[in-house]
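Work through the exercises below with the model open. Try each task before you read its solution.

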Amino acid sequence: MNNKKPLRRKRMFRILPAPWNREYKDTVFRFLFGNPDNLDFTLLLYNAVNNTNYEDIEITTIGNVVHIKIKNDVSFLVDSRMNIYEHQSTYNPNMPVRMLMYAAKVYSNYITKQKLNIYSTAVIKLPAPKCVCFYNGYKDTEDCRVFVLSDSFEKGEKTDIEVSVTMYNINHGHNKKLLKSCRPLAEYAQFVNDVRKFSNAGYNLSTAINLAIDSIRDDAMIKSVMEDNRLEVVGMCIEEYTQERADIVIKKEMDDLRDENHVLTEKVSKAESERDEMKSERDAEKSRADKAESERDALAAKLAALERQLAKKE
């Protein structure tokens, strides 16, 4: 751990007036780590990711950024750093694009709130961004990976804008050091693993979620939060897992369509190749016929000349 003296920040900058926006469907991750009622969880998560030991933070949330289904999960200020955290239950290499849109909204609100003049001749000071994605989907991936916005640009194009997002795999059994440093995150990862375990054992989704809540250790930090809000947690999980499974089905259908399109493309390419071969053969045959006809005409002309010579001699 960093020996840096803890920095207590009593006044933080709130991006939107409402600290807990319920306009859109929430996830259990956002419920645990983006809720002002659970600031201690958010603080532990921040310290685990950054290897720090701060004692006080205040969340600055943004609800809808681009669309009701596109939002960031948690954003907050600590030590002049704008932290934007996102949770993903499906593998998404486009996080830098999403973070770019989130950051634009966050900084726009920050500049307005602080009454900063972006047209000033002096450089305005902004908190440095820290973009993190916590992933716990089914796709197996490494413990940590960095995605960059420039990967989305056409190859060969010079890039003047760059965004990097660090993705942590928080599935049970991954990133053990990170999970050990943040008990609520480890307990959340175990909960997700238990939901999948009970679901795979044949229980319906609602029963699997309730069994997973019952399986949370009595000394777990998230125990009381999950039990006291059981109905809400079950509802969020059903929405989240239903969407996750729908995404899997859609992805499979898209993969099947791509495979079918690949097969059709190969068939078209083969047919075009055969057509070109047939055309080449026809062209070659025509060329041979033209050559034979030319040779015949030449022979006929030669024969006619000989006949004329014989006629003169007679």
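The exercises that follow concern a predicted model.

**Exercise 1. Helix 2**

Task: Find how far helix 2 reaches from its first C-alpha to its last, and which of its residues are buried.

Solution. 
- Step 1. Helix 2 covers residues 39-50, which is 12 residues.
- Step 2. The span is 16 Å, close to the 16 Å expected at 1.5 Å a residue.
- Step 3. Apply the cut-off: buried means under 20% relative accessible area.
- Step 4. By that cut-off, 9 of the 12 residues are buried, and helix 2 is mostly covered.
- Step 5. Among them are Phe-41, Leu-43, Tyr-46 and Val-49.
- Step 6. Look just past the end of helix 2: Asn-51 has a positive phi of about 55°.

**Exercise 2. A pocket and a cavity**

Task: Describe the lining of the second largest pocket and that of the largest cavity.

Solution. 
- Step 1. The second largest pocket holds about 280 Å³ of space.
- Step 2. It has 17 lining residues, and the closest to its centre are Arg-183, Ala-186, Glu-187, Gln-190 and Arg-217.
- Step 3. Helix 4 (176-181) and helix 5 (183-200) each give two or more residues to this lining. Helix 5 gives the most, with 6.
- Step 4. By class, the pocket lining has 6 nonpolar, 5 polar and 6 charged residues.
- Step 5. Now turn to the largest cavity, with about 70 Å³ of space. Of its 11 lining residues, Asn-136, Tyr-188, Val-192, Glu-240 and Tyr-241 are the closest to the centre.
- Step 6. Helix 5 and helix 8 (230-313) each supply at least two residues of the cavity lining.
- Step 7. That lining divides into 6 nonpolar, 2 polar and 3 charged residues.

**Exercise 3. Salt bridges within helices**

Task: Which residue forms a salt bridge with Lys-197, and which with Lys-286?

Solution. 
- Step 1. The structure holds 13 salt bridges.
- Step 2. Lys-197 pairs with Asp-194, their closest N and O atoms being 3.7 Å apart.
- Step 3. Both lie in helix 5, 3 residues apart, about one turn.
- Step 4. Lys-197, at 46%, is partly exposed.
- Step 5. Lys-286 pairs with Asp-290, with closest N and O atoms 3.1 Å apart.
- Step 6. These two are 4 residues apart in helix 8, so about one helical turn separates them.

Technical notes. Residues are numbered from 1 along each chain as its sequence is written. This is a predicted model: local features need pLDDT of at least 70, side-chain atom pairs count only at pLDDT 80 or more; totals for chains, interfaces and linings use all residues. Side-chain values use heavy atoms; hydrogens and water are left out. The expected span of a helix is 1.5 Å times one less than its number of residues. Buried means under 20% relative accessible area, exposed over 50%, partly exposed in between (1.4 Å probe, protein chains only). On a 1 Å grid over the protein atoms alone, a cavity is a set of points where a 1.4 Å probe fits but cannot get out, and a pocket is an open set with protein on both sides within 12 Å along at least five of seven lines; lining residues have an atom within 4 Å of a point. Grid points are joined across faces, edges and corners, and a volume is the space filled by probe spheres set on the points. Ala, Val, Leu, Ile, Met, Phe, Trp, Tyr, Cys and Pro count as nonpolar, Asp, Glu, Lys and Arg as charged, and the others, Gly among them, as polar. A salt bridge is a side-chain nitrogen of Lys or Arg within 4 Å of a carboxyl oxygen of Asp or Glu.
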